[in-house]
Amino acid sequence: MSGVMGYLGLGLRAGSVVVGVDAVRRSLQAKECRCIVVAKDASQRAREKVVRLAAATGVPQVEGPDAAKFGAGLGKPPVMVAGVKDAALADGIVRAGAAG
């Protein structure tokens, strides 16, 4: 999991990561997201709004830590979901998520 958070932190500083349900939805609708990271304890609302849209558009999903740790790792309040716009970064996150 720390690999996923490390990649997200780098991407956030580079401007390649969007944070929050509404921002990720907009990015998915604009076909800018290459993968999403969803908090383990994400609300049903967040899952309905983002995960379904990601699945419909073929965007891979990676499970992240719980929302409080997710946010703390990004220097933000609790975070339910983040979207990655950069293809190479998304590939690294998907691989890191698969490795556990």
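Predicted model: local features only at pLDDT ≥ 70, side-chain atom pairs only at ≥ 80, totals over all residues.
Let's start with helix H3, residues 44-57. How far apart are its end C-alpha atoms? They sit 19 Å apart, and since 14 residues at 1.5 Å a residue should span 20 Å, that agrees.

Now, which side of H3 faces in? Ala46, Val50 and Ala54 are buried. As a reminder, an α-helix has 3.6 residues a turn, so residues three or four places apart point the same way. The buried residues of H3 pack against helix H2 (21-29), strand S2 (35-38) and strand S4 (81-84).

That brings me to S4. Val81 and Gly83 point one way, Ala82 and Val84 point the other way, and all are buried. In a regular strand the side chains do alternate between the two faces of the sheet.

And what does S4 pair with? Strand S1, residues 17-19, pairs with S4 in the antiparallel sense over three bridges, and S2 pairs with S4, also antiparallel, over four bridges. Keep an eye on Val84: in S4, Val84 is the bridge partner of Val17, and Cys35 stands opposite Val84 too.

Last stop, Ser16, in the loop between helix H1 (2-14) and S1. Buried or exposed? Ser16 has a relative accessible area of 17%, and buried means under 20%, so Ser16 counts as buried. Leaving aside residues up to four places away in sequence, Ser16 touches Gly11, Gly83, Val84, Lys85, Asp86 and Leu89.

Notes: Residues numbered from 1 in each chain as written. Heavy atoms only, no water. Helix = DSSP H or I, 4+ residues; strand = E, 2+ residues; numbered from the N terminus. Expected span 1.5 Å × (residues − 1). Buried < 20%, exposed > 50% of the residue type's maximum accessible area, 1.4 Å probe, protein only. Contact = heavy atoms within 4.5 Å. Pairing = 2+ DSSP bridges.
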